[in-house]
Amino acid sequence: MSLSAGQAAFGPRRLVVAIDGPAGAGKSTTARLLAARLGYDLLDTGAIYRVMALLSKRAGVAWDDGPGVAGLAAGLDLKFHLEGGVNRVLVGGADVTTDIRTPDMSDGASRVSALPEVRAALLDIQRRLGAQGGVVVEGRDIGTVVFPDAGAKFFLTANADERARRRVAELQAAGRPADFATTRAEMQQRDERDSTRSVAPLKEADDAVAVDSSGLTPDEVVAKMAAIVEARA
C-alpha cells in the first residue's frame with residue numbers, strides 16, 4: 001500500500017487520524033498497526049523532518065540554517081510505501097528508511113523542525129499527502145497545526161523510563177549500541193526542545209483523546225484507538 005492522492009470511497013467515512021506525542025511513546029508502531037487494521041494509508045511526518053536533516057547533512061547545510069534547509073524542500077520527491085509491516089521512505093526513488101533512523105538524524109530532525117521556514121515549506125506537502133482522508137498521520141503537531149480538523153485525534157504518551165527502554169530496544173535491534181541513561185537524557189532534551197519551540201510546539205490538542213501506553217501492548221493501544229475511529233467513521 002502506497003500513500004497517494006486516493007479515490008473517493010463509498011461506505012464508512014474515511015478520516016484523517018492524528019497521533020501526536022513525544023519520542024518513544026510508541027507512535028510509529030501504533031500508527032503502522034492502526035493503519036493496517038483500518039485499511040488506511042500511513043503518513044509519518046517525523047520521517048519527513050528526518051529526511052530534511054539527512055538531505056541537509058549531505059548538502060553541507062547547517063541544521064540551524066532555516067532558509068538553506070527550507071530550500072531543499074523545493075521539488076522534494078518523497079514517497080511512503082508500507083511494505084511487509086515497514087513504512088518505507090523513498091527520496092528520489094532511493095530508499096532512505098534506514099539512513100534516517102539514527103540518533104544523529106533524530107537530533108537533526110528535532111533541530112530542523114524548530115525552524116519556521118522549514119515548517120512552512122513542509123506544511124503544504126503534509127496536507128497534500130493526507131488531503132483525501134483514509135490516512136493515519138503521526139507527529140508532534142498534527143492535531144494542532146497540520147490537520148486541526150482531523151476526524152480523530154490522539155495524544156500518545158508513556159512514562160520516561162518506558163520510552164527510553166523502547167528506544168534502546170529499537171536501536172539495539174537495528175544493530176546500533178545504545179545506553180539507557182544516555183538515551184533517556186537525550187529524549188528529555190528533545191522533549192524540552194520540542195515542547196518549548198516558538199513554532200508549532202509539541203502539545204496535546206484540546207479535543208484529542210489522551211492514551212498512556214505504559215504497560216500496554218501495541219495491540220491493546222490500537223484496539224482503543226480503532227474503536228474510537230470506527231465509531232466516528
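This note comments on a predicted model of one protein chain, point by point.

1. Basis of the comments. The model is predicted, so that local features are taken only at pLDDT of at least 70 and side-chain atom pairs only at pLDDT 80 or more, whereas totals for chains, interfaces and linings use all residues. Residues are numbered from 1 along each chain as its sequence is written, and side-chain values use heavy atoms, with hydrogens and water left out.

2. Overall form. The protein chain has 9 helices and 8 strands, these being DSSP runs numbered from the N terminus (helices H or I of at least four residues, strands E of at least two). Its radius of gyration is 17 Å, close to the 17 Å that the globule rule gives for 233 residues, so the chain is as compact as a globular protein of that length; the radius is taken over C-alpha atoms, and the rule is 2.2 Å times the number of residues to the power 0.38. Along the principal axes, the C-alpha atoms fill a box of roughly 50 × 40 × 35 Å.

3. Of the 233 residues, 46% count as buried, where buried means under 20% relative accessible area, exposed over 50%, and partly exposed in between (1.4 Å probe, protein chains only). The accessible surface comes to about 10,700 Å², and 52% of this belongs to carbon and sulfur atoms; areas come from the Shrake-Rupley method with a 1.4 Å probe, and for residues only the protein chains shown count as cover. The mean positions of the 29 positive and 31 negative charges lie 2 Å apart, with Lys and Arg counted as positive, Asp and Glu as negative, and His and the chain ends not counted. Each charge is placed at NZ of Lys, CZ of Arg, CG of Asp or CD of Glu.

4. Contacts along the sequence. Among contacts (heavy atoms within 4.5 Å) between residues at least 6 apart in sequence, 76% join residues at least 24 apart.

5. The antiparallel sheet. An open sheet of 3 strands has the order β3-β4-β5, with antiparallel pairing; two strands pair if DSSP finds at least two bridges between them. Since β3 (78-83) and β5 (94-95) stand at the edges with a single partner strand each, one side of each is left without a neighbour in the sheet. Strand β4 (residues 86-91) is joined to β3 by 6 bridges, and L78 stands opposite V91 in β4. On the β5 side the pairing with β4 extends over 2 bridges, and here V91 stands opposite A94.

6. The two hairpins. β3 and β4 form a hairpin with 2 residues between them, and G84 in that turn has a positive phi of about 60°. The hairpin of β4 and β5 also has 2 residues between its strands, and G92 in the turn has a positive phi of about 60°.

7. N87 has a relative accessible area of 14%, and, leaving aside residues up to four places away in sequence, N87 touches L42, D44, F80, H81, L82 and T97.

8. Strand β2. In β2 (residues 41-44) both faces are covered, with D41 and L43 buried on one side and L42 and D44 buried on the other. The strand runs parallel to β6 (residues 135-139), to which 4 bridges join it, and the bridge partner of L42 in β6 is V136.

9. Helices α4 and α7. The buried residues of α4 (residues 103-112) are M105, S106, G108, A109, S110 and V112, and their cover includes α2 (45-59), α3 (66-71), α5 (116-130), α7 (160-173) and α8 (180-196). R166 lies in α7 and touches, not counting residues up to four places away in sequence, G24, A25, G26, A158, S213, S214 and L216.

10. A backbone angle to check. Most residues other than glycine have a negative phi. A200, in the loop between α8 and β8 (209-212), has a positive phi near 45°, and this residue is buried at a relative accessible area of 12%.
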